[in-house]
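Hello,

I am passing a structure on to you, and you will find it just below.

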Number of protein chains: 2
Amino acid sequence: MTVTVAVDANGADLGPGEVAAGAALAARSGTRVLLFGPAAEIHDPVEGVEVVDAPVSVAKAPEPARAVRAHPDASIVQAARAVAEDRAQALVSGGSTGSALAAGLFHVRRARGVHRPALALPLPIPGAPVLLLDVGANAEARPDHLVQFAFMGSAFARAVLGVDAPRVALLSNGEEPTKGTPDVIATHELLADAPGLRFVGNVEGTGVMGGAADVVVTDGFTGNVALKLMEGVSETLLRAVKEAAVSSARGKAGGVLLRPSLQGLRDALDPESSGGAYMLGLRRVGVVCHGRFGRKGFANAIDVAARGVREQAVEKTYEALDAAGALRGSPPSETAASVPSS
Amino acid sequence: MTVTVAVDANGADLGPGEVAAGAALAARSGTRVLLFGPAAEIHDPVEGVEVVDAPVSVAKAPEPARAVRAHPDASIVQAARAVAEDRAQALVSGGSTGSALAAGLFHVRRARGVHRPALALPLPIPGAPVLLLDVGANAEARPDHLVQFAFMGSAFARAVLGVDAPRVALLSNGEEPTKGTPDVIATHELLADAPGLRFVGNVEGTGVMGGAADVVVTDGFTGNVALKLMEGVSETLLRAVKEAAVSSARGKAGGVLLRPSLQGLRDALDPESSGGAYMLGLRRVGVVCHGRFGRKGFANAIDVAARGVREQAVEKTYEALDAAGALRGSPPSETAASVPSS
């Protein structure tokens, strides 16, 4: 089955040409790409990549939702419409995250029964990758939203990331079920009773890094704050180590000798390897790359999106939500255990 | 002025003897210590340290508030009572944090006009220490609570940590005033209008690490999650660097050469240097050490507590809250600008 991915070429710091190069890499492994961006800046289209001229960008718009509504010709809007109209089966964007989410929500639209989409990010933890969601699609989340996030993350980890029976945890300020805000405590109770979910309880920040779970659920405010702090700590420490390695002749010699051994760590921490953040809860798979990403990162994002389509991530999420009676507006039914074919 | 600090000797992983050794160090610099713990385990009392036999410990109690109520003879309760009865002017404990907070709240009690105490932790960020609060005293916080936290943190940073005009920021998922949960947005508005506070706006996690503020305010749930994540990331990365330095002969040689240069980083990251987390908003200064701390950490905690007394941290906090009309039950008054003497 040939999958077509709609890609927004605007939004990448390195320019549309770099995104096109990433599309070309992905096309080589058999994925078709519809590339929306300024045709004048995208040269040498390759086999499997079709460029659609869309020079208008809302990637830097301060109010993304408004910009997406006001600019139907913007590249991200055209890309989302291509997915909505089934000319492509998945969406990839270099950001902004806000405009990608708005375009996804307005055009691709929420999957049936999903309250809200969530943004899931595979944390680059050496040896124990963890899918954290929501990292910022919604500043607030009710307990029933968080329960859906748990199923969405679990289904995606299984279908696309190759985790067999993902352990799902709830981020809190203590491991005991009674720890957290009233909403977190209520969510814990719902998750503990949710059928078809491998819920392993609350997890603290140290547990996230320690590999206690494969999927960690939280609201978009806490998730976003947590993510940025982790990035900050990571950058600060690696810079400090680097500075130590140039602070003296002795340090310099040590740094040179240590460099090859540290390459593995640098690779493990490379956010480009996972393709970016996944928009879950839409009718189709979506991936948002960091603006910093180069061609390799965009190629990985397109690969992940195509895998999501092939592995029917959206359909499997729906089935899991339905089986658990966790769909919006549908309480658990007598027949919930029999999964409907999609 | 000789300051007396009441110290709970239970709760330290290394035992009451280690806390006593820390008390002895602090006593050498002129602070009197009332040390509550099992006298049988505390030998060789030194000049300036008075041991009060208090063998009962609630440091490991699963429900600290209940344990504090049920055990009036527990060491932390006796220490808090000594402060309440003015036999000592500040409280230091090796934890648990919950029992120290409960004993502080029940016996030392809240300062006049303060909604809730908060736990403030100086984050060991190389080159740019930041006071983060609340890191876990309250899972939830209303906007008027967060505003008080801002004043409490600012006054403490100025009086005790030696920061001249502390820059105060609000932790959020974006720098724009409109980012965050409704409570965070409301808090931003209140802080922007608060007189006598150097509010620098919202800060994201990357900004916390980047030195954008001296004091960062958040609710106890987010603060605690953030803190544990930072600890987790820090430990994971330093372990990975260490592993790289033993993974090969070349790496080993590099690690040995690099070690002296990294000592400065290790020192900067050492949580013992700041004495622990500060309980703010009580009628007296309180410091909670990490259970892992050794004598140096406890000595630093006692020094910080004594400095808080000498520098009148509690009184200055009250004055700042009063001047801003931010005291509980008292809206800004005409005379708010004239600071009452305490």
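The largest nonpolar core of this predicted model holds 253 residues. Those with the most contacts inside the core are Val7(A), Ala23(A) and Ile302(A), together with Val7(B), Ala23(B) and Ile302(B). Setting aside residues up to four places away in sequence, Ile302(A) touches Val5(A), Val7(A), Gly22(A), Ala23(A), Ala26(A), Thr31(A), Val33(A) and Val92(A).

Next, chain A as a whole. Its secondary structure amounts to eleven helices and eleven strands. The radius of gyration of chain A is 21 Å, close to the 20 Å that the globule rule gives for 342 residues, so the chain is as compact as a globular protein of that length. Along the principal axes, the C-alpha atoms of chain A fill a box of roughly 60 × 55 × 35 Å. Of the 342 residues in chain A, 59% are buried. Among the contacts in chain A with a separation of 6 or more, 68% are between residues 24 or more positions apart.

How do the two chains relate to each other? Chain A superposes on chain B by a rotation of 180° with 0.0 Å of shift along the axis, and the RMSD is 0.0 Å. This is the relation of a two-fold axis. The residue of chain A that comes closest to the rotation axis is Gly254(A), at 1.8 Å for its C-alpha. Both copies use the same surface, as 100% of the contact residues of chain A recur in chain B.

The contact itself takes 46 residues from chain A and 47 residues from chain B. On the side of chain A that touches chain B, the elements giving two or more residues are helix H7 (205-209), helix H8 (220-244) and helix H9 (249-269) of chain A. H8(A) gives the most to that side, with 17 residues.

I began with helix H3 (residues 75-84) of chain B, which is mostly covered, nine of its ten residues being buried. Those buried residues are Ser75(B), Ile76(B), Val77(B), Gln78(B), Ala79(B), Ala80(B), Ala82(B), Val83(B) and Ala84(B). What covers them includes strand E1 (4-8), strand E2 (32-37), strand E3 (49-53), helix H2 (64-70), strand E4 (90-93) and helix H4 (97-108) of chain B. After H3(B) comes Asp86(B), with a positive phi near 70°.

The other is helix H5 (residues 143-159) of chain B. At 1.5 Å a residue, its 17 residues should span 24 Å, and this agrees with the 24 Å between its end C-alpha atoms. Of the 17 residues of H5(B), 15 are buried, so the helix is largely enclosed by the rest of the structure. Ala150(B) lies in this helix. Is Ala150(B) buried or exposed? Ala150(B) is buried, because 30 other C-beta atoms lie within 10 Å, where 20 or more are needed to count as buried. Leaving out neighbours within four places in sequence, Ala150(B) is in contact with Val168(B), Leu191(B), Leu197(B) and Val217(B). Ala150(B) and Val216(B), 66 residues apart in sequence, are 7.8 Å apart in space, C-alpha to C-alpha.

Finally, some details of the backbone. In chain A, the peptide bond from Leu133(A) to Asp134(A) is cis, with omega near 5°. Asp134(A) sits in the loop between strand E6 (130-133) and helix H5 (143-159) of chain A. In chain B, a cis peptide bond joins Leu133(B) and Asp134(B), with omega about 0°, and Asp134(B) is in the loop between strand E6 (130-133) and H5 of chain B.

Arg109(B), which is not a glycine, has a positive phi near 75° and lies in the loop between H4 and strand E5 (118-123) of chain B. Gln312(B), also not a glycine, has a positive phi of about 55°, and its place is in the loop between helix H10 (295-310) and helix H11 (313-323) of chain B.

Enjoy exploring it!

Best wishes

Notes. Residues are numbered from 1 along each chain as its sequence is written. Chains are lettered from A and ligands numbered from 1 in the order in which they are written. This is a predicted model: local features need pLDDT of at least 70, side-chain atom pairs count only at pLDDT 80 or more; totals for chains, interfaces and linings use all residues. Two residues are in contact if their C-beta atoms, placed from the backbone, lie within 7 Å. Helices (H or I, at least four residues) and strands (E, at least two) are DSSP runs, numbered from the N terminus. The expected span of a helix is 1.5 Å times one less than its number of residues. A residue is buried if 20 or more other C-beta atoms lie within 10 Å of its own, exposed if 12 or fewer, and partly exposed in between; C-beta atoms are placed from the backbone. A nonpolar core is a set of buried Ala, Val, Leu, Ile, Met, Phe, Trp, Tyr and Cys residues joined through C-beta atoms within 7 Å. Copies are superposed by least squares on the C-alpha atoms of residues with pLDDT of at least 70 in both. The radius of gyration is taken over C-alpha atoms; the globule rule is 2.2 Å times the number of residues to the power 0.38.
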